[in-house]
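User: I am new to this structure and would like to go through it by question and answer. Please start with any term I will need.

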Amino acid sequence: MASMIVLTGRFGSDPNFSQGERSNRASFRFASSEWEQGEEHTDWYSISCFGKLADRIANQGQKGKKATLWGRLRIRKYTTKEGEERVDPSVTASHIEWTEPKEQAAKYGDADYKSSAPKGYGQPAGDAPPF
């Protein structure tokens with residue numbers, strides 16, 4: 001069973017793109033920050049995506065661009081050569097929505113400003129609160 005996750009943050013690197021026999025792949029680092037007790041805390045994730053989403057991210061994603069992405073979370077724990085315990089959260093993305101202001105979108109080559117977020121995602125049903 002995989003854990004689903006929604007992240008809002010910024011590309012920490014330009015996407016690496018590779019073409020495979022069965023599917024294209026894009027991978028990149030992604031930073032998501034929050035403020036806690038007056039201090040900023042940033043979590044870093046390794047992101048991978050495949051197919052048409054990989055093509056789109058390879059063409060439109062770049063370091064510093066703000067986005068919200070949906071995907072499956074996996075946590076890998078390992079020990080470094082120095083004996084330090086580390087955790088590497090990785091996400092296989094299934095959807096992305098660019099969250100830059102529209103006037104910034106053209107700067108990143110996304111003038112059409114389309115979203116690939118799941119249809120109806122984030123919209124409350126009836127009078128239900130949006131959470």
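Analyst: Buried means under 20% relative accessible area, and exposed means over 50%. The model is predicted.

User: Is Thr-68 buried or exposed?

Analyst: Thr-68 lies in strand E5. Its relative accessible area is 10%, and the cut-off for buried is under 20%. Thr-68 is therefore buried.

User: With which side chain does the side chain of Thr-68 make a polar contact?

Analyst: Leaving out residues up to four places away in sequence, Thr-68 touches Val-6, Leu-7, Thr-8, His-95, Ile-96, Glu-97 and Thr-99. The polar contact of its side chain, at 2.9 Å, is with the side chain of Thr-8.

User: Which element supplies the largest share of the largest nonpolar core?

Analyst: This core has 18 residues, and among those touching the most other members are Phe-11, Phe-30 and Ile-47. At least two residues each come from strands E1, E3, E4, E5 and E6 and from helix H1. The largest share is four residues, and the element supplying it is E6.

User: Where do the buried residues of H1 lie, and what do they pack against?

Analyst: The buried residues of H1 are Leu-53, Ala-54, Arg-56, Ile-57 and Gln-60. Viewed down the helix axis they fall within an arc of 165 degrees, so they line one face of H1. Lys-52 and Asn-59, on the other side, are exposed. The buried residues pack against E1, E2, E3, E4 and E6.

Definitions and conventions. Residues numbered from 1 in each chain as written. Predicted model: local features only at pLDDT ≥ 70, side-chain atom pairs only at ≥ 80, totals over all residues. Heavy atoms only, no water. Core = buried A, V, L, I, M, F, W, Y, C linked by side-chain atoms within 4.5 Å. Buried < 20%, exposed > 50% of the residue type's maximum accessible area, 1.4 Å probe, protein only. Polar contact = N/O pair within 3.5 Å; in protein donor to acceptor, adjacent residues only side chain to side chain. Contact = heavy atoms within 4.5 Å. Arc of directions from axis to C-beta.
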